Amino acid sequence: MNVRGDKRFALALQISNFKTALKRFGKLVERTAAQKRDEKLGLFIQREDAIDYDKFYAAVQELFGPDVKNQDVKCFYRKLCNNPNASMDWCEIFGYYCSEEDAIASQMDEENLIFLVSRKERVIISGSRRRDVIKCMVKIPQLDLLIAASQKGLITVFNSQMKVQTSTNVTDTSWITGCDYLSQLKRIVATTERTIIVWDYKAQGNTQDNYYIIKPMDHCLLCVCVVTLPDQLCRDDILLGDDGGFVNRYTVNSDDFGLKQTKAKKKLQNQVLDSKNFKSVKRKLHNDWVMKIRYISALNCFGSCSLDSVHSLVLESLKRLEDNLPVREFSMPRGANTFCYCVKANVIITGGDDKVLRLWHPNISTKPVGKLVGHMFSITEIVTNEKDQHVISLSSAKVFRVWDIQTLSLLQVFHDSQGGPGDMQIYSMVYDSNHGMLITGSSVMDMYPLTRMIQDTKQVPHTHEREINVMLYNKTFHQVLTICSESIIKVWELDTGLQIYQILDPHGFNVELTAAAVDESGFLFATGAYNGTLKIWDFGSGQEMKVLSEGKEWKEEEHVWQRLIFLRPQEKQQYFLLTLERNGKIKMIQGREDDIFLAVIWELPDIVPVLQDGKWVVPLKTSPTRGSTTLPFPNVELMLEKNLARNAKPPPIGTEVNCIDLLQAEGYNLIVAGTLNGVIILWNFLMSTVTEVFRPEDCLSVDPDLDPRRFRINDILILFRAPEHARRSSQDSICSSSQYDSSKSPQSSKGSKQSIHDNETKGDNTDVLAGEHQPVEKKQPAGATPADSHPPILATAHEDGHLRLWTLEGRLLKDMLPFTKHSAISLTSLCTDACTRILLAGNMEGHIILCSIGSFLDRPHDEKKFKQLLAWRAHALEVVQIIYVEDRQVVLTASVDGSVRLWHALNGHYCGYFGQRRNFEISQMADFILPCDVNEYPIEIKEESKFTEKKQKYEYPLIFDQERWRKMSSMSLLFKRVPPKPFEVERDFKYFKSLSSPKIRRYALEGFLTENREAGIVFGSLPIYRVSSPTTLRFLPLIGTEAQKDSFDAISGKKKGGHVQHERPQRKKSLKRHLVPQINLATSFFPAIHK
C-alpha cells in the first residue's frame, strides 16, 4: 500500500507541476501577444525586457524542458505574431499535429543508417597463398597506414588510398597470430606461434624481405601489442599473450637491429636473434588462453582477456608484471574473446561466448554498468567509433551490430552475406577514423563506409532539380529560402538543414521566379517573376498576402525583375519595395495593409543618355508626393536642358543598369547602380544630385577583338559602418592570424592545405560578425552625425575578375585581382557583414574569396590593410549568391549547379548542403571533407608578424652569389692570358651557386604573395635579385658587336708556332686605358658562329 501511495503522490506532484507550468506559459503568451499588438499599432517602445523569438524559446524550454522541438515553437511564435488576437492552444507547442509515420519511415530508410552496406568495397590481396586469411589488422592513424598480416606469412602495408605500399612474405613454418607497429623503431612487429618477427618495411630493393626473427618462445604466442610511452626514445616494449595464460613483456632497442650487413651477407633473407638476449618479464594472469591484449594509453595500463571465467579480464599497470601483487580482475561467464576501450565514455566493452556485450567502468570490477543483448552467436570482435560514440560488434555468424554507447540502443544490424557461416570467417576488424570506414579481414578485405561519408564525398550535392536563382536568409528565425529556375520555393532550417515547407508554381504554372527579398522583421518575403508579377508572402506559413498583377499590354520579357529590396516604411501598415528590372529601370512599389494589390508609385528617370553627353553631375528636382504618405525616397525629376535630351543617341553596346544597392542612414540617402558597360551612378537624394562616379575608357565603343562584356559590373555594394558598429569590441574577431593558423585545424594534420605567406605586417584584429547583408542600415542614435562615422565606400565586382573599391567621389582606393588557382575569373556576387569587417566574393568558377577590410575602412584607407585571408572552391560552376551568417560563423553559397552549400567561415571547411539526409553539425568541427565535384583544397594566406625576425629563406635551387659578384673587378682578369673557350665560363664568372637538391615538400604548392598576381602562382613568385654594380664595372671591355667582331678575328687569325696570334688594340694616352686587361671576354659569352 505504501508503494502504491508513493506512486500516486508522485503522479499528483507531476500533474501539479505541469499545471503550474501551463499557467506560467499562458502569462508568457499574453505578454507576447500584447507586445505584438502594440507593435502593429505603432505604440510599442523598444525595451530591454522586450520578448523576441530567442527569449520566447528560452522561456518555453525553462517551463517544459529541453525536449520541446524548436520547429514547433517557431510555428507557434509565428502564429502568435501574425494574429495576436487569435486563440492559442498549449498543445500546439508540443506539435500535436505531427505524424509518427514519417519518423518511422525515416528511421527505416537505408540512407539514414550508420554504415552504407550497399557501397561496400572489396580489396583482394595479391600474392597471398591458397586458402590464406587475414589474421590481424592494425591501423596507424598518425601515418594513415594499414597493416594486414595473413595467417600464412604475408604482411602488407596499405596507404591512405588502400593501395599496397609494400609487402613481405615471412618464410616460417608457423602461422602468424598478430601484428602491431613499433612507433619508436619505425618497424612492424608480428608474432607467429613460436617466434617474434621484426620487419623494416621502409627498406627498398632486395633488402625489403630482410627481417629479424626472435626465438625461441616458451609457449605458443596468440596476440601482441606495442606499449606507446612518450618518454621512451629508440626503445619499444612489446606485450605478448600466449596459450599458457602468461603475459610477456619484451623490450627491444634500436641497437638490437642496427648491425650493418656486409656485401657478402646481403643475400641473406633474415637474421635470427636469441630471445634470451632481450630484456623480458612475464607473469601468469589467466588460467586459459590469452585471446586479446591491448595497451590503453588513457588509463596508463594494459588489458588482457581470456576464456577463463574467473580471470576473464585483467586491467593493470605494467609494474604488476614484475611482482606478485594482486591485480584488478573482471569476471564473466565463459570468459571474454575480445574487448575495447572508449575514451569519451570511459568504459570498457567486453564480449565473448555468452553473446552479451558488457560495459565496465575501469575502476569497478564487481558489476558492469550496462549490458547490450542481441547477438545470437559468440562475439568475436569489438571496435569503437569515438567521434560518434558507437560500438560495432561482430559475431561468429558474420552479423554486425552498431550500438550507441550513451543510450545503449541498437542503431543498425547488417550481415555479411558472402558464403555460408563457416566460409570466409572474419578474423579481424578495425575502424578507420580518418576515413570513416569499417574494415574487416577474412580471405579478402571488405570496407563498409559511413553513410555520412558517402553522402558528403560521393553523392553530388542536390538542393533543387534546376539551377538556383535566389537565396535568402531570415535572421529572425534562422531559416534559409531558396528558389530555383523551375519556380519551386523551399524553406530550410539553418541549424539542422531540414526542409520546413515548399511552394510549387507560386506565380502560376511554368512562370520562372527571378528575384526575391525578405524584410527586416523576418515575417514577410517578396518574389518577382519573369512575367513582371510580384507577390508578398507570409514567411511562417507561406500564404500569399499581396500581388502586383501582370499588365494587359505588357510584352514578353519587358518587365523581368532582377533585384528586390525591402525598404523600411516610414509609417505602419504599409510596405515599400525598391526594384530593378532587367531593362535597367528602378522602381518603387507600395503595398497597403487594407489593399491586397501592389502598385508602382515611383520610377527613377533614365540618366544614362544624359551622362553620355558629358554631364558628370545632374541636379534633381523633387516632385510633390501624392497624398500624405511619406516615401523612403522622394519622387525626383532631372533638371537639364531640353536639347541635351534630344541629341542623346543610343550607344552601340548595352548601358542598362545591372545591379543596385542602397544606404538609408542618418546623413545618407543613397542609391548606387552599376551598368553593363562599367559605369557607376550615384543617386544622392539629400543633395538632390545624380553623379557619374566612374566611367571606363572606351566603354561606349565596340572592339571586335575584345569581349564587349569586359567592363560589366556584376554586383555592387555600399560599405558603411555605423557608429554603434564601429564601437563594437574586436575581441570577437575570427579574422586574426592566430585563428587562421592552419595548425589548429583538422586539415593541417593531413598536410592537405596550401599556404601563401604574406610579408606584410600584421594589422589589427578584424571582426567577422555578420549575417546576410541588409541594404537598409539601422539608424544612428540620436546626436550622431555623419562625421562621427566612416564615409561610405563602394565595392564593385567586375566581369574582368577585379574587385575594386571607390570613394563616393570616384577615387579608386583599391584594385585587387583575388588570388585563386586561376587568375582573372569573373566575379558574380558580393557580401559583407553588419560591422563591415569582411568582404566575401564569389566568381564564375565557384570560388569564394574572403577579405579583411576592417582596418582598411579607417582613414586614410591604407591599401596594405586590405588583405585577402582565404579562398576555397565551393562549387564546380558559377556562384549565384553568398550569405554570411554572423552568429553561426558560416557561409552559405548558391550555384547554378542546383545546390546550396554550407561552409565554415574560419577555414573554408565543408559542412554539408541543404537537402542531405543527415542533419548539419555546425557547432562542432567535423572531419575535413570535400564535395565530390570539388578537388581543390582551401588556400590560406598567412602573414608574418612585424616582430618576427625576417631572415632570408632560399626556397629556390638557383641562388645568386652576392659575395662573388661584389669581388669581381677588372683587376681579377689581368692575369688571364688565355680566354676561356666558348660555353666554358670559368668559376670566376659564375655568379650563381650550384643547384641545390630538390626538397620534398609537405604541401602540394607553396609560394609568396606578390603584387604581380596576374602572372599566377608560379611566375609571380620567381625570385628577383637586385644586383649592385661594382665600382670597376665601367673598366670592363664592352661586350657587343665590336667585341664579337674582335673575337671572331682572333679565332680566325693566323697561327704562328701553334699559337693564335692576337692583334694588339690601339694604345691611347689615357692612363685609365692602361688598366684594361688584355683579354677578350666575348668568346666566353658570345661564341663565334662559323658559316
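Guide: Buried means under 20% relative accessible area, while exposed means over 50% and partly exposed covers what lies in between. Please keep in mind that this is a predicted model.

Visitor: Okay, so is R901 buried or exposed?

Guide: R901 is buried, because its relative accessible area of 0% falls under the 20% limit. R901 also forms a salt bridge with D897, in which the closest N and O atoms are 3.1 Å apart, and D897 is partly exposed, with a relative accessible area of 24%.

Visitor: How many salt bridges are there in the whole structure?

Guide: A search of the whole structure finds 25. One of them joins the side chains of R249 and E322, at 3.8 Å from N to O. R249 lies in strand 12 (residues 246-253) and E322 in the loop between strand 17 (313-316) and strand 18 (328-330), so this pair ties together parts that are 73 residues apart in sequence.

Visitor: And which residues are linked with those two in a network?

Guide: R235 and D237 are linked with R249 and E322 in a network of salt bridges. Within it, R249 counts as buried at 15% relative accessibility, whereas E322, at 56%, counts as exposed.

Visitor: What about D858 and R721, how do their side chains meet?

Guide: They meet in a salt bridge, with an N to O distance of 3.5 Å. D858 is in the loop between strand 55 and strand 56, and R721 is in the loop between strand 48 (713-719) and helix 8 (723-726), so the pair ties together parts that are 137 residues apart in sequence. Of the two partners, D858 is partly exposed at 28% relative accessibility, and R721 is buried at 3%.

Visitor: Switching to the core, how many residues does the largest nonpolar one have?

Guide: The largest nonpolar core has 33 residues, and those with the most contacts inside it are F115, I392, F400, L438, L840 and V891. Among the elements that give two or more residues to this core are strand 24, strand 25 (399-404), strand 54 (838-843) and strand 57 (879-885). Apart from it lies another core, of 30 residues, including I565, F576, W602 and V690.

Visitor: What does V891 touch?

Guide: Leaving out residues up to four places away in sequence, V891 touches L840, W872, I882, I883, Y884, R901, L902, W903 and A905.

Visitor: Last one: which residues form a nonpolar patch on the surface?

Guide: F18, W90 and F94 form such a patch, with about 270 Å² of accessible area together. F94 is found in the loop between helix 3 (70-82) and helix 4 (100-108), and at 35% relative accessibility F94 counts as partly exposed.

Technical notes: Residues are numbered from 1 along each chain as its sequence is written. This is a predicted model: local features need pLDDT of at least 70, side-chain atom pairs count only at pLDDT 80 or more; totals for chains, interfaces and linings use all residues. Side-chain values use heavy atoms; hydrogens and water are left out. Patches are made of residues with over 30% relative accessible area and no salt bridge: like charges are joined within 9 Å, nonpolar side chains (Val, Leu, Ile, Met, Phe, Trp, Tyr) within 5 Å. Accessible areas come from the Shrake-Rupley method with a 1.4 Å probe; for residues, only the protein chains shown count as cover. A salt bridge is a side-chain nitrogen of Lys or Arg within 4 Å of a carboxyl oxygen of Asp or Glu. Helices (H or I, at least four residues) and strands (E, at least two) are DSSP runs, numbered from the N terminus. Buried means under 20% relative accessible area, exposed over 50%, partly exposed in between (1.4 Å probe, protein chains only). A nonpolar core is a set of buried Ala, Val, Leu, Ile, Met, Phe, Trp, Tyr and Cys residues joined through side-chain atoms within 4.5 Å. Contact means heavy atoms within 4.5 Å.
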